[in-house]
Amino acid sequence: GEICAFKIHGQEMPFEAVVLNKTSGEGRLRAKSPVDCELQKEYTFIIQAYDCGSGPGGRNWKKSHKAVVHIQVKDVNEFSPAFKESVYKATVTEGKIYDSILQVEAIDEDCSPQYSQICNYEIVTTDVPFAIDRNGNIRNTEKLNYDSQHQYEIKVTAFDCGQKHAMEDVLVRVNVKPVCKPGWQDWNKRIEYKPGSGSKPLFPRIHLETCDGPVSSIHTTIELQTNYIGKGCDRETYSEKSLQKLCGASSGAIDLLPSPSATANWTAGLLMDNNDMIFKFDGKQGAKIPDGIVPKNLTDQFTITLWMKHGPSPGLRAEKETILCNSDKTEMNRHHYALYVHNCRLVFLLRKDFDQADTFRPAEFHWKLDQICDKEWHYYVVNVEFPVVTLYMDGTTYEPYLVTNDWPIHPSHIAMQLTVGACWQGGEVTKPRFAQYFHGSLASLTIRPGKIESQKVISCLQACKEGLDINSLESLGQGIKYHFNPSQSVLVVEGDDIENINQALRKVSYINSRQFPTAGIRRLKVSSKVQCFGEDVCISIPDIDAYVMVFQANEPKITISGMDHFARPAAQFESERGVTLLPDIRIVSTVTKMEHPVDEHDRANKPVVLEEMLHNLDFCDVLVIGTELDPEQECLELDHAELQGKHLDATNSTAGYSVYGVDSMNNYEQVLRQIRYRNWDTSATFDRKFRVKCSELNGRYTSNEFNLEVS
């Protein structure tokens, strides 16, 4: 009449049934060991009840009918979501908004839908232009830009529906790919140039990206912009007189705008840019050239040379602007010859005297050129071979567009005044004064009796010492056409094969042949036009803006040495040859070079090396100290045969001897060693002191002052 046991049928179930009350038949089902939903979510088995009527063998028990038990295991949220991959990668093109860049996926090992399903994804990294949806799709929220960021690294986490998040965030790498932009690649904006380094390639690794455009030909222009260096580019800054000698013109040029000095003081009051000897005229200044500098009666043949930079004249009724003018000093206001600018025309005036001719003769020659008012430097040569006057501008010949005739001037005994930058008005005014002022810059203004020999000399005088160059022309590829402008500041390269064009451009270089170039920046501009096959829209290539940085050359130190005092018998001074003043003079130039230390700390005790250097000089003056020479009893002499075969000239005065021209230190030494001092009345003079000083580049570098005493 009692229930003694419950029995479970089935394989190894982790459950047991125990009797709680035999009489009422109440029992309990319980787990024998822990159950795990992840191993088994549910169990089904059969249970039967037994009474107590059995003997020891248990054969006579009576069983109840079978009951089916169904157990479901309830889930605990014990697992965190985990991502399928350790890193996700994707590549996108800049400038596009994507619906989905990539999908991340996490899984959760919990067994119930509530705890095993991923309900949400989230981007952990802040301030990134990306968003993620519940399915793990990542998209960008704004257009990406390759230039501002090549790659994004973002961290993402996942949540199950029980709000448990992943133990470890996953890394997502998004690479931004640039939109293919046609253009030049692999070039540097700054190119450094050390003086003396010859021809230096500007873009040694450059190549053109065409983005697979169907290119049929390329036309590229490389422009070196030097118009703010010196007179439009780097040139030798010697005086015009020395340059003319160097370029092979015969002697005799008279410098009308020399650097101010004791012998040439008329330019002292003018505005001047020292390094390049450029004179700026602001419409308020003129200079009177002393009598005796320029011969009174220039023949029918003479030449005027000048550099000029001039802009449009202010005001409606433009005044004449005088460059050079020879007019009456007093009483009258007649212009005998003049060179002036009027309304962007260059005019040369030449009036003959009545005794030279008494007929109507050409008197005014007009040239109309855009360059006269373009605010850039140009080199002008006016060649007079009366009655013909020719103008060379930047080496090209121009005939006047207008020649007007006039009567000759009546002879008079009025003295003439030669002026620069304005014209002297001697008559028709209460007080003689300057008029017709020049606005602009002038340099190297010379006048020479006789004419300049050749086009070659003129080209040499205005040659730039810097420009573009092509290394190894012979190895330019097939089908490459190129041409330079005359000053080699613009190069045009054309071709139909991209690789050949790349090769050609890698060979384009900058060269500055000056030993002491003007330091600073030269701008470079490269512009390209492309033609394509067929009617396709062709690609456009952005310009390159770069610059060459020319470094300062090491400054040379010029040293003059030799015997600095001596005594000789009076008879030697009085002899026909006199006494050689500087028999053993030496001129040496050195530059200081720092040995480059390997280690910065080592800098202090590295030796400073003096290196001897060869360069030209452009003048050496032997000056008399104290009272000037008395021409009645003493003089300095030099056989002019000593100057032959050299680019040298010399002038002699009571103040001393000046040797000038662009030539080697060795040639200067040879000439200076031949200068003699004669004194045919030694009783009056006990001793004489002299000083020698030399210069390179018109005083940019000067030597020590070498003093000599002769008894």
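User: How many disulfides does the structure hold?
Analyst: The model is predicted, and a pair of cysteines is counted as a disulfide when the sulfur atoms lie within 2.5 Å. The pair C180 and C211, with an S to S distance of 1.8 Å, is one of those that meet this cut-off, and the number of disulfides in the structure is nine.

User: Which hand does the disulfide of C180 and C211 have, and how many residues apart in sequence are the parts tied together?
Analyst: The torsion about the S-S bond of C180 and C211 is about -95 degrees, so this disulfide is left-handed. C180 sits in the loop between β14 (170–177) and β15 (183–185), while C211 belongs to the loop between β18 (207–209) and β19 (215–225), so the separation in sequence of the parts tied together is 31 residues.

User: What is the torsion about the S-S bond of C233 and C464, and how many residues apart in sequence are the parts this pair ties together?
Analyst: The sulfur atoms of C233 and C464 are 2.0 Å apart, and the torsion about their S-S bond is about -105 degrees, so the disulfide is left-handed. C233 lies in the loop between β19 and α2 (240–246), and C464 in the loop between α3 (455–461) and β37 (466–470), so the parts tied together are separated in sequence by 231 residues.

User: Is C233 buried or partly exposed?
Analyst: A residue counts as buried when its relative accessible area is under 20%. The relative accessibility of C464, the partner of C233 in the disulfide, is 25%, so C464 counts as partly exposed. For C233 the value is 4%, and C233 is therefore buried.

User: In which strands do C325 and C423 lie?
Analyst: C325 and C423 form a disulfide with their sulfur atoms 1.8 Å apart. The pair ties together parts that are 98 residues apart in sequence, because C325 lies in strand β25 (residues 321–328) and C423 in strand β34 (residues 423–425). As for accessibility, C325 is buried at 0%, and C423 is buried at 2%. The strands asked for are β25 and β34.

User: What is the volume of the largest cavity, and how many of its lining residues are nonpolar?
Analyst: The count of cavities of 30 Å³ or more comes to three, and the largest cavity has a volume of about 140 Å³. Its lining includes I289, P290, D291, K296, Y337 and L418. Divided by type, the lining has two charged residues, two polar residues and, for the class asked about, seven nonpolar.

Methods. Residues numbered from 1 in each chain as written. Predicted model: local features only at pLDDT ≥ 70, side-chain atom pairs only at ≥ 80, totals over all residues. Heavy atoms only, no water. 1 Å grid on protein atoms, 1.4 Å probe; cavity = no way out; pocket = protein on both sides within 12 Å on 5 of 7 lines; lining within 4 Å. Points joined across faces, edges and corners; volume = space filled by probe spheres on them. Nonpolar A, V, L, I, M, F, W, Y, C, P; charged D, E, K, R; others polar. Helix = DSSP H or I, 4+ residues; strand = E, 2+ residues; numbered from the N terminus. Buried < 20%, exposed > 50% of the residue type's maximum accessible area, 1.4 Å probe, protein only.
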